[in-house]
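Here are some exercises to work through with the model open beside you. Try each task before reading its solution.

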Amino acid sequence: MFGHEKQSTSPVSSSEHEPQYGNNFYDPDIPRSDSEYDELNVQCPPHTTQRKLVTKIDLRVIPVLSILYLLAFLDRTNIANASVFGLQEELGLKTTQYNTALTIFFVPYIAFEIPSNILLKKLKPHVWLSACMFLFGVVTICQGLVQNYSGLLATRFFLGVAETGMFPGSFYLIGMWYKRSEAQRRYSFFFGSTSLAGAFGGLLASAIGKMSGMRGYAGWRWIFILEGTLTAVVAILFFFLIPSFPEDANWLTEEEREYVKARLYKDQGRSAAERKIGFRDVIKVFRDYKIIVGGFMYFGLIVPAYGYAFFAPGIIQTYGYSPIQTQLHSVPPWAASFVFAMVVAFFSDKFKHRFAFTLLPIFIAIAGFGILITVHTNHHLEYAALFFVTMGVYSAMPVIVCWFTMNLGGHHRRAVGTAWQIGFGNIGGIIATYSFLPQDKPKFFKTGYSICLGFICLSAASCVVYAVSILMQNRMRDRSPRDLGLTEYEKTEKGDMSPDYRYLF
């Protein structure tokens, strides 16, 4: 589905004391058969190949999670489309009340990120994610039935509660299926669902908006009601389709599960999937300063990402378009960002490199905001700058999250670290909701663009700090003796802090 690496038919030597999974042996003194071996010297099951098995995983894991997050992002940001069709006027929202309604979503969304990932591991992904999905679909329907500002605040708050596990949970789950060198395309395709949601949302809103007046409901209400209904129905189906972790996947044979676990062990170390995550594990994770840096890498891009997602229709409308034309003109920048993100992901995986592929899109986004800050009379150029913004921001974000997530070894460090990065990063969503205020509209939203530009630069600086940190640690571990007398259990507990672990740059 996403392309795969070349495989080897003969093994190469490997470490003498590595463990065994099913028929996967790593002792070089043991005679080998003519079975296929992958590039990590892990023996594939005799009835399949690495390419076929990874394709099987792709088809089961990625499409389901991508659709799940597409609907989550659609229900989260469709308020921007509803605003164009008169939400603020009908509910009588004044000054910054609309901004406050956007902000209230992030309070529970941020607070429950880490607990959500712990529950995901305890309750199994298909139970937790499908339940959350059904709930935010119902809340979205309720959002279309509110009659005042208080009702809007309440529904936005509970939408944040229901959606809190979607993004970190899905990223965490994907990370437990793929090697670091093959993960970027999968992450970018999954993350690209945000761009598809933006494009899809604009098209849907342009069509649903024409239903204004049906059964006495305004067009903006139908946007929430119909899109929420779609989510709730899909959630019921997804209870049976959302994949579990490799060790629990009943749609793989025993040999296939052992092979998947073995190749992930070779690439990332043991996962400690069988051990519960406790409070001490959380504290241990935060003793590593790279975890904090990873949060700022994502935090810096969330501000422009949500700034665009929530306010793009309003910005495009200032170019003189009607409500329907505004929705249609919001589609192309989103579509372009999806295509560019997949191109960036392809080359990032091809070269097995992440750092440069975070900075290149960031520089493109900086150029876009530079144009928007300085040009105010050429609407065609301003519209083109929106392409730079979406292509840059929404291409860099999946690389940053993939880079950080896949460099975390073990279930507990990855579960906590991923939730932290997404949770802390989403504080930027609160800043974004107050970056584009109504009173700034006559000033061409220069304040909002400047805020976004500043936070993008923060993300770039954090990426540099993180890159230098992992480069130094890799070199330090290369110079240090590997055999420190640690048991396999101790190495598993350390995760990526083990002296045998090498970070992907």
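A residue is called buried under 20% relative accessible area, exposed over 50%, and partly exposed in between (1.4 Å probe, protein chains only). This is a predicted model, in which local features need pLDDT of at least 70 and side-chain atom pairs count only at pLDDT 80 or more, while totals for chains, interfaces and linings use all residues. Residues are numbered from 1 along each chain as its sequence is written, and side-chain values use heavy atoms, with hydrogens and water left out.

**Exercise 1. Describe the chain as a whole.**

Step 1: Start with burial; 60% of the 505 residues are buried.
Step 2: Look at secondary structure, where helices (H or I, at least four residues) and strands (E, at least two) are DSSP runs numbered from the N terminus. The chain has 21 helices and 0 strands.
Step 3: Turn to contacts, meaning heavy atoms within 4.5 Å. Of the contacts between residues at least 6 apart in sequence, 82% join residues at least 24 apart.

**Exercise 2. Work out which parts of the chain the salt bridges join.**

Step 1: Side chains of opposite charge can pair when their charged atoms come close. A salt bridge here is a side-chain nitrogen of Lys or Arg within 4 Å of a carboxyl oxygen of Asp or Glu. The whole structure holds 13 of them.
Step 2: R221 and E90 form one, at 3.1 Å from N to O. Because R221 lies in helix 10 (residues 219-238) and E90 in helix 2, this pair ties together parts 131 residues apart in sequence.
Step 3: R221 is buried at 4% relative accessibility, whereas E90 is partly exposed at 42%.
Step 4: D478 pairs with R502, the closest N and O atoms being 2.8 Å apart. D478 lies in helix 20 (residues 446-479) and R502 in the segment after helix 21 (488-494), so parts 24 residues apart in sequence are tied together.
Step 5: R185, D349 and R354 are linked in a salt-bridge network.

**Exercise 3. Inspect two residues with positive phi.**

Step 1: Most residues other than glycine have a negative phi.
Step 2: T95 has a phi near 40 degrees; T95 is in the loop between helix 2 (87-91) and helix 3 (97-104).
Step 3: K352 has a phi of about 50 degrees and lies in the loop between helix 15 (331-350) and helix 16 (356-374).
Step 4: T95 counts as exposed at 62% relative accessibility, and K352 as partly exposed at 41%.
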